[in-house]
Amino acid sequence: MDKKVCIMGLGYIGLPTAAFFATAGYQVIGVDVSPRVIEGINNHRIHVDEPGLAEVVKKAVEEGKLTARELPELADVFIIAVPTPLKNGCKGDMSSVEDAAFTLLPYLRPGNLVILESTVGPGTTEDLLCPILAESGLSIGEELMVAFCPERVLPGKIMEEMVFNNRIVGGINRESALRAETLYQSFVKGEIFLTEAATAEAVKLMENTFRDVNIALANELARISSKLGINVWEAIELANKHPRVNIHQPGPGVGGHCIAVDPWFIVEKSPQEARLIELSRRINDEMPEFVADLICEGLKGLKDPKAALLGMAYKGGVQDTRESPSIKVAEILQQRGIATGIYDPLVEREDLAAYGLILNNLEEALKGADLLVVLTDHPDFKLLKPEELVFLVRNKLVLDTRNILDKYQWQEAGFTVYKIGEGKISPSWHPHSSTL
Ligand code: SAJ
């Protein structure tokens, strides 16, 4: 049985994966390029904000099962879980995967298994990773087994989903897949499905593309509804009563490091054919501009207008701001010279500072604002008491891009509320607009 696992990359996926293997009894070496990350983990301070993760990492480190280091060690299994972001807008940047693979070369021995978990375009394991690993002198598929095993966990629910989700294991040959299956069986309680590496790579991308395309449809329906005077939220709810319909939710756009990124890997590999996929990406990417236009519409005609933006995280309940549409809305407003107050109960001040944005507390953000905009569906926002906030604001307009506010409660408190896609904007929502 494999006893020692070395994980390259201790981020959102690598760290929980390391923690689960350590808990399952493996000796785990976690490798990261950041000395701050290594020092933190070895001293029980983790840099990944994920409910339940800190406790598991702490226990594994205390028991001596997990150690973070700058360089790999000899091991039975090597797992690569490094970021694969986009470069130049829409091409996958594989340099971290390449760097990790080259770093592993001196540590590879006959009988080892190498697993790639990072999201990559179909064919990458065989065409990019295997040729690098072959430089070790080991024969790939005979002395060295290689597999692609994508992670599919939802940020915010990683500790649950990493164990209970089904898992896809794609081997470069059957033996590689079987070895990887046995390894993951040590902590995965979901079903494990075996396939070829390129298919597993495609599966991961297809899942996130499915979601992106469906969100684009919802966003398009929202824009159509506001033209036609239909309430998109009610229409979607009713359409979803059909047994075979599941329309997603409109919003200010798609954020996070996965759904907003992964479809581009398919477009890159197959640009002629991936027409719907590319268009969906663009539709979702246009949403922050659409929201900013609505905000400007609401503020039109006002002297020194101010918008209070609630929620900078890319989705509710997380502090992650990567690719967040809220950040894009804030940036567009700043470019247009509109004053903003910014509030998020979870996001870190330094995180926003990196975008040149200043985080306020709720009162500062709302003080003197003309328009309050809900951009993230944080559970906390559902608990806001409009009757306590109404005295802070100047003009009492609300734009809810996530359909989380109780419209009648807010109206009762004196606010005029508009939700995106909720029919035509009524003149009372932007009473100062000179175009009316
Ligand atoms: N969103 C909408 N409307 C919806 C659903 C989501 O606007 O109906 C927005 C969210 O607000 C957010 C973005 O889309 O900005 C993405 O959020 P998400 O919760 O759909 O997904 P992620 O990015 O947090 O995680 C996804 C998951 N993939 C799928 O559900 C197919 C997760 O399982 C993957 O492991 C993860 O990507 C990943 O790492 O690839």
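The report below treats the basis of the values, then the sheet, then the helices.

## Basis

This is a predicted model, in which local features need pLDDT of at least 70 and side-chain atom pairs count only at pLDDT 80 or more, while totals for chains, interfaces and linings use all residues. Residues are numbered from 1 along each chain as its sequence is written, and side-chain values use heavy atoms, with hydrogens and water left out.

## The sheet

An open sheet of mixed pairing is built from 8 strands in the order β3-β2-β1-β4-β7-β8-β9-β10 (strands are DSSP runs of E with at least two residues, helices runs of H or I with at least four, numbered from the N terminus; two strands pair if DSSP finds at least two bridges between them). The edges are held by β3 (66–69) and β10 (192–196), each with a single partner strand, so one side of each has no neighbour in the sheet. From one strand to the next, the twist averages 25°.

Strand β9 (residues 167–171) pairs with β10 in the parallel sense over 5 bridges, and R167 stands opposite I192 in β10.

## Helices

Helix α1 (residues 14–23) lies across β1, β2, β3 and β4, running at about 170° to β1 (angles run from 0 to 180 degrees between N-to-C directions, with axes fitted to C-alpha atoms, for helices over the stretch in contact; contact means heavy atoms within 4.5 Å). Helix α5 (residues 124–134) lies across β4, β7 and β8, at about 145° to β8.

The axes of α8 (residues 197–228) and α10 (residues 262–269) come within 8 Å and cross at roughly 110°.
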